[in-house]
Amino acid sequence: MSVAGTYNTVVKSPMGDQSGTFTVIPGDDGNTFTGSMAGGMGSMDVEEGKIDGNKLTWKMNMTVPMPMGLDCEATVDGDQLTGNVNAGAFGAMPLSGQREG
């Protein structure tokens, strides 16, 4: 099953649950992807998106509430997405999502 799609996500952050929309657009090679994470604190573009089977890894640059690089990983199982957003000194924040449609 393809990992492509739009997922309604929740990141459990130190500031409470952060709801958002995560979009995965696989590249033509099937090994990379682009997309974005949009939520209450704005939108962040996916950088260095990689696909390994049903596992996704990517980076994002957060600007609000403070500038910070995020290292992310998630696994897609059917229409469910689970993983972590690693926010430097703040540690790993659980990520979960459900594919729309």
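**Exercise 1. Strand pairing around β1**

How many bridges join β1 to β9, and do these strands run parallel or antiparallel? Determine also how β1 is joined to β2.

*Solution.* The structure is a predicted model, in which local features need pLDDT of at least 70, side-chain atom pairs count only at pLDDT 80 or more, and totals for chains, interfaces and linings use all residues. Residues are numbered from 1 along each chain as its sequence is written, and side-chain values use heavy atoms, with hydrogens and water left out.

Step 1. Recall the terms: strands (E, at least two residues) and helices (H or I, at least four residues) are DSSP runs, numbered from the N terminus. Two strands pair if DSSP finds at least two bridges between them.

Step 2. Consider β1 and β9: 5 bridges join these strands, which run antiparallel.

Step 3. Turn to β2 (residues 16-26): β1 is joined to this strand by 9 bridges, and the two run antiparallel. A hairpin through 2 residues connects β1 with β2.

Step 4. Locate asparagine 8. Its bridge partner in β2 is threonine 21, while its bridge partner in β9 is glutamine 98.

**Exercise 2. From β2 to β3**

Describe the pairing of β2 with β3 and the hairpin of these two strands.

*Solution.* 

Step 1. Count the bridges: 7 of them join β2 to β3 (residues 32-39), and the strands run antiparallel.

Step 2. Identify a facing pair: isoleucine 25 stands opposite threonine 34 in β3.

Step 3. Examine the hairpin of β2 and β3. There are 5 residues between the strands, and glycine 30 takes a positive phi near 75°.

**Exercise 3. The surroundings of threonine 9**

Is threonine 9 buried or exposed? State which residues it contacts.

*Solution.* 

Step 1. Apply the cut-offs: buried means under 20% relative accessible area, exposed over 50%, and partly exposed in between (1.4 Å probe, protein chains only). Threonine 9 has a relative accessible area of 2% and is therefore buried.

Step 2. List the contacts, where contact means heavy atoms within 4.5 Å. Apart from neighbours within four places in sequence, threonine 9 touches residues including Thr21, Phe22, Met37, Leu81 and Leu95.

**Exercise 4. Salt bridges**

How many salt bridges does a search of the whole structure find? For each, give the distance and the exposure of the partners.

*Solution.* 

Step 1. State the criterion: a salt bridge is a side-chain nitrogen of Lys or Arg within 4 Å of a carboxyl oxygen of Asp or Glu. The search finds 3 salt bridges.

Step 2. Take lysine 12 and aspartate 17, whose side chains meet at 3.2 Å, N to O. Lysine 12 is partly exposed at 46%, and aspartate 17 is partly exposed at 48%.

Step 3. Take aspartate 71 and lysine 59, whose side chains meet at 2.6 Å, N to O. This pair links distant parts of the chain, with aspartate 71 in strand β7 and lysine 59 in strand β6, 12 residues apart. Aspartate 71 is partly exposed, with 37% relative accessibility; lysine 59 is also partly exposed, with 33%.

Step 4. Take aspartate 79 and arginine 99, whose side chains meet at 2.9 Å, N to O. This pair too links distant parts of the chain: aspartate 79 is in the loop between β7 and β8 (80-86), and arginine 99 is in strand β9 (residues 92-99), 20 residues apart. Aspartate 79 is partly exposed at 36%, whereas arginine 99 is buried at 13%.

**Exercise 5. The chain as a whole**

How many helices and strands are there in the chain? Decide whether its radius of gyration agrees with that of a compact globule.

*Solution.* 

Step 1. Count the elements: the chain has 0 helices and 9 strands.

Step 2. For 101 residues a compact globule would have a radius near 13 Å; the chain has 12 Å, so the value agrees.

Step 3. Note the dimensions: along its principal axes the C-alpha trace spans about 35 × 25 × 20 Å.

Step 4. Consider burial: 33% of the 101 residues count as buried.

Terms used
Rg over C-alpha atoms; globule rule 2.2 N^0.38 Å.
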